[in-house]
Each structure stands twice: as C-alpha cells, then as structure tokens.
Amino acid sequence: MARSSLRTKLVLVAGVSVAAGLLLSGGAAYLGLQSLGRDAGEETRKGLRYATQEYLQKHIGNVAQRLSIEVSRAEGELATIAAISQAFVDNREELQPVFDAAAKAPMLADQLVYHPEGDWAQNGPDEPATVTAWGYLLTDPGVDEEDAGKDAGKDAGKDSGDADSDGDEGAQPARAVREDVAQAIDDTALMDLLMPPIHRHGSRKLQIYYVGPTERPFARFFPSKQLAQTLDAEAPGHNEAMFWDFFFPGLVDGWKKWIGQSARFISPLGQITLTPPYYDAAGGGPVVTLFQPLWSAERDHFEGALGFDLSLKGVIDYVEEVKLFGSGFAFLAQDNGNVFAVNEAGRERLGLTSVAASGGGVDIFEQSLGKSSEQAMRELVLPTGDKPVFVEVKLGGRDHVVALQRLDPFNAWGGDDEIRESHWVVGFVVPDEEIYAALTAAEKAVAMSSQEVLALQVGITLATLAVVLLWLILVSRRLTASLVTLSKGAARIANKDYAVTVPTDASDGDEIGALTQAFNQMASEIREHTENLEGLVQSRTAELEEANREIVGLNERLKEENLRMGAELDVARRLQMMVLPATAELDAVKDLDIAGFMQAADEVGGDYYDVLQGNRALKLAIGDVTGHGLESGVLMLMVQTAVRTLLTSDVRDPRRFLSLVNQVICDNLARTGVDRTLTLSLLDYVDGALVLAGQHEEVLIARVSGVIERVDTMDLGLPIGIDRDIEDFIELKEIPLAIGDVVALYTDGITEAETPEGELYGIERLCACLERARELDADGIRDALIADVMNHIGEGKILDDITTVILKRIA
C-alpha cells in the first residue's frame with residue numbers, strides 16, 4: 001500500500017508539473033502570437049490611417065480644385081463681358097451714335113409687343129435675345145405712341161396697336177414702353193453680339209442676362225425664350241413688384257453699400273456675387289447665379305447687372321459620382337452647412353432632410369447639416385482655414401472618417417442686404433471598416449492561425465504528458481522499492497531497534513544509494529550514542545553545574561554594581577534638585593511672582609533653570625543640555641556654579657556675563673572629554689524690564705491686555721560649548737513689563753511632548769494655555785500649564801525633560 005501510495009504521488013506530482021510547464025509554455029506562445037497580432041494590427045492601423053489621410057487629402061484637394069476652377073472660369077467669363085459693358089456705360093456719350101445705329105440694325109432691333117394677358121411687353125422668339133419690359137415699366141393705357149416716345153415705343157406701340165385693332169372692340173388698351181426704358185433697351189442692343197459667343201464657350205451657363213437698374217429693371221436674356229410667360233407660370237406676382245425686390249431682395253442694397261468703398265472696387269474678390277444654390281424658376285433645374293453690378297461713370301449710381309445662371313447639374317453629378325472605397329461618398333455644402341450636392345445614399349447616411357426655403361422670388365433648397373438626424377453632423381464644425389480637416393464621427397452607429405476641404409472664397413448674397421465673403425466646402429465620408437478592410441481580414445487570418453497553434457500545442461502537450469507518465473511509472477518502481485526499505489528501517493529505529501542496517505547495492509551511485517548509506521551511518525551513530533548515553537549525561541551535568549555557578553557569581557556582582565550606580569545617580573539627582581531655587585527664595589523676590597517646575601525624563605535630567613538675586617538686578621536663567629542622564633546632569637551643575645560665581649563676582653554686562661559662562665563650560669568640557677552642548681538664555685530684571693541674552697526657546701509674554709507675544713532668541717547668541725569665544729555673536733533684547741504681564745520660559749520637553757499617536761504639544765497649544773491662565777498667580781499658571789501638557793501626553797511616555805519658569809509682575 002505504501003509503495004503504491006508513494007508511486008502514485010510521485011507520478012501525480014511529476015505529471016502535473018510537466019503538464020503545467022507544457023501548458024504554460026503553450027499559453028505563453030499563444031498569448032505571444034495574440035500580442036504580436038495586436039501590435040502588428042495597431043501598427044498596420046496607424047499606417048492605413050496615415051495612408052488613407054494622404055490619399056483623401058490629395059483626392060479632396062483635386063476635387064476642390066476642379067470645383068473651384070469651374071466657378072472661377074464662370075467668374076472670369078462674367079468679368080469679361082461685364083468689363084465690356086462697363087466700358088459702354090463709362091463712354092456712353094461718345095458711343096451714343098453707335099448705340100443708336102445698332103438699335104436700328106435689323107439683326108439687333110428689338111421688336112417689343114405688348115401682351116395684355118400678362119401686362120408686359122416682350123420681343124419675339126426669333127430675335128437673338130429675349131427683351132422683356134414689365135408692366136410697371138409701361139405707360140398708362142390710352143397714352144399715344146408719340147407721347148410715349150416715338151423712338152422708344154415705336155415697335156411696342158405699333159405692334160400693340162395692330163394687335164388691338166384686330167381684336168374685339170372691348171379688348172384691353174395697348175400700353176407702350178416708357179421712353180427712358182426704351183432708350184435703355186436701345187443702349188444695350190450691342191449685348192446681343194456679346195452674349196452668344198460667351199454662352200457657347202466656357203462654363204455650362206443656362207443663360208446670360210442683363211437686368212437694368214432699379215428704376216428701369218427690364219431684362220435681356222440669352223438665349224431667347226418665352227421668359228415672361230415662364231415667370232407668369234412659375235413665379236406668380238413677379239410683375240407686381242420690382243424685379244430686384246421680388247427675385248433678389250436686398251442684393252442691390254448690398255451692392256450700393258460698396259459705393260464710396262474704393263477697397264471693394266479693387267478687392268481681390270472683385271464685385272462678382274454668387275447667390276445660394278436654387279431651383280431656376282425658368283425650368284433650368286438647380287443653378288447658382290453669378291452677378292456683376294455695373295456702375296455709372298462716376299461710380300455713384302447702380303446701372304444694372306450682368307448675370308450668369310450657372311447650371312449646377314455638372315457639379316452635382318461630379319460630386320455624386322465620387323466613389324471612395326466601397327460605400328464612401330462626397331458632398332458639397334455652403335459654409336453655413338447647407339448641403340446642395342450629395343448622392344441619395346450619402347443623404348441618408350448624413351441624416352439630411354430637404355426643406356424648401358424662400359430666397360425672395362427664387363426657391364433656395366436647404367439640406368442643412370445643423371438639422372441632420374445624426375448628432376455628429378449637427379455638431380460638425382466646418383473648416384475655417386484652407387488646409388483639409390479630418391474628423392472621426394459616428395453615423396448610424398458606425399465609425400466614419402470625414403475629410404473637409406474649403407474651396408476658394410467668393411462674394412455671397414444670402415437673402416438680405418449683406419454681401420459676405422463665403423466658401424463652399426467639399427466633404428468626403430468613408431466608413432472605418434472599409435478603410436481597415438484589409439486589416440480586418442488579416443486579423444481574422446491571425447485569429448485562425450492562433451486557434452490552429454493552440455490546437456497543435458494541446459496535442460503536443462497531451463502526447464508529451466503520456467510519454468512522461470510512462471517513463472515516471474517505470475522509474476518510480478525502482479525508486480519506491482529502495483524508499484520502502486528505508487521506511488522499514490526507520491520504523492525499526494522508532495521501535496528502539498538500533499541494530500538495523502539497510503542493505504545497499506554497490507552499483508547504486510545515485511541519490512537513493514547515498515541516502516541509504518547516510519541512513520546506515522545515522523543508525524550506527526544513534527546506536528553508539530545510546531550505548532554511551534549515561535556517561536554523556538554525567539559529563540553534560542557537570543558542565544551545566546559549573547556554568548550555573550559562574551552565572552550566580554555574575555548576578556551577585558551585577559547587583560552590587562547596580563546598587564552602587566543607583567546610589568550615585570540618586571546623589572546626582574539630589575544634588576541637581578538641591579541647587580534649584582527654593583520656594584522661599586522665589587517668594588523673597590520683590591515686584592515679581594515666580595514659580596518653577598522641572599521633571600527629568602531619566603533619574604538625572606539635562607534641563608536647567610535658576611533665579612538669583614544680584615547686587616543690581618535679578619538674574620534668571622533657563623537652559624537645556626543635549627541629551628539627558630548623568631553627564632547632562634553634571635553639565636547642568638557646572639552651568640549653575642558658573643552663573644552663581646559670576647553673579648557673586650558682580651559681572652554686570654549681560655553680554656560679557658554669558659561669554660564668561662561659555663568659556664568656563666568649554667574649558668570644563670575639554671577637560672572631562674564630555675561631548676555635550678546646551679542652549680542657555682539669561683535674563684536680567686531691573687525696574688520693570690527684562691534684558692534677554694542667549695539662544696534658547698522662544699520667550700512668551702502674555703500681556704495684561706490678553707495679547708500673546710513671542711520673542712525669538714535665535715539671533716541672541718550661540719549654543720554654549722560649541723566655541724570658546726562667542727561674545728561677538730551675543731545680542732541683547734529688552735522686554736518692558738507692565739503690572740499683570742506674564743512671562744513664560746520653557747524647554748523643548750514641553751513643546752515636543754507627544755501623545756501615544758506621536759502628535760506634538762506644540763507652541764500654539766502652549767500660547768493658548770498661557771492665554772487662558774494668565775489671570776492666575778504664577779503657581780496657578782504653572783500648574784495649569786503642566787496639567788495641560790500631562791493631559792496631552794496621556795498614557796504616553798515622557799521622552800524629554802520638562803521644565804518651565806513663570807514670572808508675573810505684581811508691582
């Protein structure tokens with residue numbers, strides 16, 4: 001049973017150890033592979049993020065450049081025809097014959113016909129450009145052609161009259177174009193030569209037109225179309241309000257603000273102004289209008305404006321066709337967040353909703369990011385600089401990267417009378433998973449490889465464990481046989497059969513053989529010691545008796561030494577207490593009520609205080625020797641002797657007095673070889689004032705008014721015993737005392753007294769206690785102070801000597 005149990009334990013321990021080692025190594029390999037995959041994935045992710053940003057930055061820059069070029073090209077074309085037209089205005093008087101001749105040329109003559117159903121006059125569709133005069137630009141009904149202005153109204157009056165004479169007798173009377181309007185139409189006839197080539201070439205312009213100033217806003221449109229009929233159908237009420245106020249309210253007022261601002265006339269942005277994107281009332285789809293205002297020669301009056309209706313279809317198609325990765329898309333927005341170009345999937349992804357907004361007579365369409373159903377889009381901040389900006393957002397619960405690039409600036413009308421610098425912003429939106437698609441596939445492959453490695457490691461572990469267990473079973477048979485034999489031998493020794501010897505094989509040179517030999521040697525020694533036990537006991541007993549006698553002798557000598565030292569310490573303590581001022585001496589002092597207290601931490605303390613009456617003044621002293629014990633107590637007696645001797649010798653100068661005390665102490669310390677110093681303050685009381693000298697703890701004064709004063713002594717001297725000549729370092733401090741003032745002298749045993757938890761008593765508590773007890777007599781103040789300190793120490797140990805002297809002026 002023992003063999004089977006030992007063998008089983010051996011096999012289990014070894015098998016578990018091997019299995020644990022294999023599992024740990026396999027686990028470490030698996031975790032290492034996982035960590036490598038994570039690290040590689042993170043590095044790859046960083047690289048992909050950087051490469052993607054580089055790609056998006058270049059791509060969005062190209063797209064922004066192309067869109068800016070599209071707008072800039074249209075601006076350049078508009079600036080060209082506007083410059084020519086402005087030259088016509090600036091040189092009107094010189095060119096008037098040319099204008100008149102051009103207006104009479106058959107190909108340029110404008111034949112306006114009055115249309116009563118719409119109450120406007122318009123030329124025919126076979127002319128190069130459509131010219132329309134609105135009802136408010138016509139004369140009142142019944143005004144004849146001659147009064148209306150023969151040259152201005154010849155065509156409108158003639159054709160209108162013919163049309164009227166052919167109709168019913170009750171038809172609405174014909175209206176003629178006002179003379180000033182007719183003259184303005186003639187003066188712009190040459191534009192029919194400029195508009196066609198500009199329209200055919202360059203940017204995708206739906207139409208080019210000129211609209212006159214606010215006092216005569218007739219319209220000249222190219223290519224020719226039924227302009228007035230279209231606006232009657234699409235923009236009801238347009239003929240009842242001035243053209244600029246109805247279609248573009250505030251725009252002319254915004255331009256007029258530039259009058260007198262020469263900087264705006266030479267601004268890098270020029271005067272070309274873009275409207276927000278809107279749906280063309282004439283059926284041209286989404287457009288943006290570019291206007292260039294014309295001014296009088298003096299630049300003080302608005303003379304109308306040239307405009308391009310630039311089709312946005314190409315721009316929108318281009319933006320909608322941008323493909324980024326799998327489902328990434330582009331969008332184009334105004335800098336107020338209104339998106340006007342995005343494909344259907346992008347609109348849904350951005351959470352946009354189309355909302356019609358009024359821009360006067362034009363329908364501005366709004367898809368504002370600020371009204372998106374996606375919080376990230378509502379909070380998106382469009383760039384304010386020219387560099388691309390990358391933002392990470394969450395759309396539909398998925399992470400996306402948004403790249404934003406601002407286009408070139410332009411003047412923008414926003415529906416009011418303010419014209420501001422504005423920008424379009426192109427944006428790219430790409431899902432994170434598409435950016436990191438390759439990384440995700442690689443991570444899946446790494447995960448599959450990790451699983452394969454884990455399965456292989458488990459298989460190797462099981463196979464190795466089986467081989468090891470088989471080998472352990474074979475080896476354990478031999479090991480356990482020898483161990484069982486040793487166990488039986490140990491059992492015989494336990495039964496006091498010391499004659500046991502375990503057989504050993506000479507060929508056993510391993511640890512089992514060595515253990516068997518050691519067992520036999522141990523058994524032999526036990527047998528030998530057992531047989532010689534009685535003799536050994538007698539020998540050890542004799543040795544113990546001799547040692548005991550020596551210990552008893554040492555104890556006797558120690559008792560005698562302790563008694564001797566105790567007597568010496570008692571003598572020293574008595575001497576120390578004897579030299580302290582007696583109560584009768586203190587009571588004999590005039591004008592002052594004095595009380596003292598000293599308690600040593602050991603049998604002999606190192607604190608010192610004294611009150612001595614001299615021939616001229618009362619001398620008070622308080623000091624603290626470093627350390628405590630016999631040597632400190634002896635040094636305290638030296639100081640007391642030196643002070644009393646010098647006072648008897650009538651040394652009156654406090655500085656000289658303290659210097660001589662220091663010299664005496666230094667000489668005695670050098671003779672005795674004692675390494676001690678002390679802090680010492682000496683006070684002379686004469687005529688209601690104390691003169692203080694020497695370095696010690698602060699001196700506390702409780703004034704009769706209740707104020708506590710603290711006098712620092714650090715600058716009044718040096719510690720005694722450090723250097724023989726300290727007279728140059730000694731300073732004096734005079735402290736006047738009023739009747740009722742209290743002075744407290746003390747050693748650091750009071751301020752550094754500790755609670756069992758290590759909290760110090762401190763100077764603040766001492767001041768507070770002195771303030772509370774200041775109205776008592778000196779004995780009462782002393783007792784209150786000592787009681788407060790002892791209460792603070794509680795059950796703790798007194799670690800340093802505690803000394804205090806209280807004096808109170810009573811007369």
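Which residue of strand 26 is the bridge partner of Leu690? In the predicted model described here, that partner is Ile735. The model was read with local features requiring a pLDDT of at least 70 and side-chain atom pairs counted only at pLDDT 80 or more, while totals for chains, interfaces and linings use all residues. Residues are numbered from 1 along each chain as its sequence is written, and side-chain values use heavy atoms, with hydrogens and water left out.

The pair formed by Leu690 and Ile735 belongs to the contact between strand 23 (residues 689–693) and strand 26, which run antiparallel and are joined by five bridges; strands here are DSSP runs of E with at least two residues, helices are runs of H or I with at least four residues, and both are numbered from the N terminus. Two strands are taken to pair if DSSP finds at least two bridges between them.

Strand 18 (residues 424–431) is mostly covered, eight of its eight residues being buried. The cover extends to both faces, with Trp424, Val426, Phe428 and Val430 buried on one side and Val425, Gly427, Val429 and Pro431 buried on the other. In a regular strand, side chains alternate between the two faces of the sheet. Strand 18 pairs in the antiparallel sense with strand 10 (residues 329–334) over six bridges, Gln334 standing opposite Trp424, and strand 15 (residues 398–406) is joined to strand 18 by seven bridges, also antiparallel, with Gly427 as the bridge partner of Leu404.

Trp424 and Phe428 are also among the residues with the most contacts inside the largest nonpolar core, which has 95 residues, the others named being Trp244, Phe248, Trp255 and Leu332; such a core is a set of buried Ala, Val, Leu, Ile, Met, Phe, Trp, Tyr and Cys residues joined through side-chain atoms within 4.5 Å. Helix 1 (residues 2–90) supplies the largest share of this core, eleven residues. Apart from this core lies another, of 50 residues, including Tyr609, Leu635, Ile665 and Leu682.

The structure holds 34 salt bridges, each defined as a side-chain nitrogen of Lys or Arg within 4 Å of a carboxyl oxygen of Asp or Glu. One of them joins Arg710 to Glu764, with the closest N and O atoms 3.3 Å apart; because Arg710 lies in strand 25 (residues 708–711) and Glu764 in helix 21 (residues 762–773), this pair ties together parts that are 54 residues apart in sequence. Arg710 is partly exposed at 40% relative accessibility, whereas Glu764 is exposed, with a relative accessible area of 56%. Another salt bridge links Asp788 with Arg772, the closest N and O atoms being 3.9 Å apart, and so connects helix 22 (residues 778–793) with helix 21 across 16 residues of sequence. The side chains of Arg178 and Asp180 likewise meet in a salt bridge (2.9 Å, N to O), and Arg92, Glu215, Arg216 and Glu303 are linked in a salt-bridge network.

A cis peptide bond, with omega about 0°, joins Phe222 and Pro223, and Pro223 is placed in the loop between strand 5 (219–222) and helix 6 (227–234).

How values were computed:
Buried < 20%, exposed > 50% of the residue type's maximum accessible area, 1.4 Å probe, protein only.
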